[in-house]
Amino acid sequence: MKVAMGQFAVRREWQENADQCAQLMQDARAEAADMLVLPEAVLARDNADPDWILRAAQPLDGPFMSRLLAASRGHALTSIMSVHVPDTDHKVRNVLVAVRDGTIIAAYDKLHLYDAFAMQESQRVNAGQHIPALIDVAGMKVGLMTCYDVRFPELARRLALDGADVLVLPSAWLRGPLKEQHWALLCSARALENTCYMVAVGECGPRNIGNSMVIDPLGVAIARAAEFPALVTAVLDPQRIAYARSVLPVLENSRFMAPTLKPKA
């Protein structure tokens, strides 16, 4: 599978972000990519107004996703990103979507909300309640995660035990002391401990680190972006997964049951 990572800085107006996503989809197709991963929360953001996501949120049949579905129509490229969708209690859901050929083929509500490092995502966002199903891309099984999910090894392990070959992680990883080190360490750990590829894409811009990367099943970074907008590609090889799992059979050797979600409080 050939994967493309498209990192950019999300803007206030959804039309500009939709145009940027559609352009990256076109660029990824020109690179003959099978899958494009974009950052988290690409619909709209105003760093000076955290409540903007509440006012800008759109349903999955709204104009933002309609624009991207139209851009995907007639093509086999699978594009993955997250958007804010209106929900109950005057909040939104952070929904990871995968689109292909004019259709939303998967939607996953972010499980772990970023209530850490003086941030409180749960003030505006409702948490998901379901482990996402795998999707098929170019003959490989892909597991879906979003940003803060990477700090919780249970989800990645569950997806690997469900059969994932690749983990994808749209993110808007914030700058801060040691944060780039956390990003690299956690993404590498989730790949290595599950002998999966990790495709982790970060938003860039004044508050976010960028640093999108592809980590192979033995923890080796095979593609990276810096802190500026970029489209970076890499080839994911099923034989590399088979080799990693033959020399490091952690999924087979584990004595633990597959992780499950806690009951809803």
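## Strands β10 and β11

Three bridges link strand β10 (residues 197–202) to strand β11 (residues 213–215), and the two pair in the antiparallel sense. Within this pair, Met198 stands opposite Ile215 in β11. Please keep in mind as you read on that this is a predicted model.

Both strands belong to an open sheet of six strands, with the order β7-β8-β9-β10-β11-β12 and mixed pairing. At its edges are β7 (135–137) and β12 (221–224), each of which pairs on one side only. On average, and with direction ignored, neighbouring strands of this sheet are turned by 25 degrees against each other. Helix α5 (residues 179–194) lies across β9 (166–171), β10, β11 and β12, and runs at about 155 degrees to β10.

## The nonpolar cores

Which residues have the most contacts inside the largest nonpolar core? They are Met35, Val166, Met198 and Val199, in a core of 50 residues. Strand β10 gives the most to this core, with five residues. In soluble globular proteins, nonpolar side chains tend to be buried together.

Leaving out residues up to four places away in sequence, Val199 touches Val3, Met5, Val37, Val166, Leu167, Val168, Leu169, Met213, Val214 and Leu236. Another core lies apart from the largest one; this other core has 29 residues, among them Ala56, Phe64, Leu69 and Val83.

## Strand β1 and its partners

Strand β1 (residues 2–7) is largely enclosed by the rest of the structure, because five of its six residues are buried. With strand β13 (residues 230–235), β1 pairs in the antiparallel sense over six bridges, and here Gly6 stands opposite Leu231.

Strand β1 also pairs with strand β2 (residues 35–37): these two run parallel and are joined by three bridges. The bridge partner of Val3 in β2 is Met35, a residue already met among those with the most contacts inside the largest core.

The buried residues of helix α4 (residues 153–161) are Leu155, Ala156, Arg157, Leu159 and Ala160. An α-helix has 3.6 residues a turn, so residues three or four places apart point the same way. What covers the buried residues of α4 includes β5 (103–109), β8 (140–144), β9, α5 and α7 (250–253). Just after α4, Gly163 takes a positive phi of about 120 degrees.

How do α4 and α5 meet? Their axes come within 10 Å and cross at roughly 35 degrees, and the crossing is right-handed. On the α4 side, the contact is made by Pro153, Ala156, Arg157 and Ala160, while α5 brings Arg190, Glu193 and Asn194. These residues divide into three nonpolar, one polar and three charged.

## Thr146, a buried loop residue

Thr146 is found in the loop between β8 and α4. Is Thr146 buried or exposed? With a relative accessible area of 0%, Thr146 is buried, because that value is under the 20% cut-off. Setting aside neighbours within four places in sequence, the residues in contact with Thr146 are Glu40, Ser82, Asn94, Leu96, Tyr108, Lys110, Leu169 and Pro170.

Terms used: Residues are numbered from 1 along each chain as its sequence is written. This is a predicted model: local features need pLDDT of at least 70, side-chain atom pairs count only at pLDDT 80 or more; totals for chains, interfaces and linings use all residues. Side-chain values use heavy atoms; hydrogens and water are left out. Two strands pair if DSSP finds at least two bridges between them. Helices (H or I, at least four residues) and strands (E, at least two) are DSSP runs, numbered from the N terminus. Axes are lines fitted to C-alpha atoms, for helices over the stretch in contact, and angles run from 0 to 180 degrees between N-to-C directions. Contact means heavy atoms within 4.5 Å. A nonpolar core is a set of buried Ala, Val, Leu, Ile, Met, Phe, Trp, Tyr and Cys residues joined through side-chain atoms within 4.5 Å. Buried means under 20% relative accessible area, exposed over 50%, partly exposed in between (1.4 Å probe, protein chains only). A crossing is left-handed if the near helix is turned anticlockwise from the far one by less than a right angle, and right-handed if clockwise. Ala, Val, Leu, Ile, Met, Phe, Trp, Tyr, Cys and Pro count as nonpolar, Asp, Glu, Lys and Arg as charged, and the others, Gly among them, as polar.
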